Amino acid sequence: MNLLLAEDDPLLADALCAQMRRSGFAVEHAPNGAVAEYLLVKQPFDVAVLDLGLPMVDGLTVLKHVRVAKPALPVLILTALDSLEDRVAGLNAGADDYLTKPFDFPELEARLRALLRRSRAGAQPQRAEVAGLSLDQEARRALIHGEPIDLSPREWMLLDLLMANRDRVVTKEQINQTWASADGGGNDPQGSATNAVEVYIHRLRRKLEGAGVAIRTVRGLGYLLEAEASSGA
């Protein structure tokens, strides 16, 4: 679940990013409105948390511009502005939910998951596709040129994460966080966790042979799934 957090308070932003990552979100932080608008328009996110009092470009302006480019993106406003007029203005600008500061993190997480459920329920079933590889999200299965391949639960989660971030680097930390979230928050010691990622990457590479995709190791950073370059002249 890719989430953008637009928040200019560095202490609050750091705390929220850490908590959201522990809850299984892949989080990108925008410290001002200009960065938030650029990221939301240019990159794929599943949900956004947007402060109204952002520097450079205010949150309402960001929201109005993003709504033009991505009308279906779930957006939750998180702000200290709690008057009726502020809430109405935020909702009228296109927000899907509105939470005022101070707040409890469990409520924020619950609201975000509710937004995601509603968003997915209203979306048309889609397959993520790269070259000859496609992922059927609803059935939780992968196909190569229409033929299903056998994947373990961890292999499926790894491939799903790589596909969701295709052409972008996925770190070992993100992979382990995804697995830990599915396992109820537990995790392996760092050494074995690192080795496990390498083992599963190796397994996936073998199973994806002939699909026209490659899992590239970006040294010191992580892994990147991309379509293989055509061998034709």
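Select Asp97 to begin: its relative accessibility is 15%, so Asp97 counts as buried (buried is under 20% relative accessible area, exposed over 50%, partly exposed in between, with a 1.4 Å probe and protein chains only). The model is predicted, local features need pLDDT of at least 70, side-chain atom pairs count only at pLDDT 80 or more, and totals for chains, interfaces and linings use all residues. Numbering starts from 1 along each chain as its sequence is written, and side-chain values use heavy atoms, with hydrogens and water left out.

Because Arg111 sits in helix α5 (residues 105-122) and Asp97 in strand β5 (residues 97-100), the pair ties together parts 14 residues apart in sequence. Helices (H or I, at least four residues) and strands (E, at least two) are DSSP runs, numbered from the N terminus. Arg111 is partly exposed at 25%.

Stay on helix α5 and select Glu109 and Arg113, which lie four residues apart, about one turn of the helix. Their side chains meet in a salt bridge at 3.1 Å, N to O. Glu109 is buried at 19%; Arg113 is partly exposed at 25%.

Next, select Lys207 and Glu155, whose salt bridge is 2.8 Å, N to O. Lys207 belongs to helix α8 (residues 190-207) and Glu155 to helix α6 (residues 153-164), so the pair ties together parts 52 residues apart in sequence. Glu155 is buried at 3%, and Lys207 is partly exposed at 30%.

How values were computed. A salt bridge is a side-chain nitrogen of Lys or Arg within 4 Å of a carboxyl oxygen of Asp or Glu.
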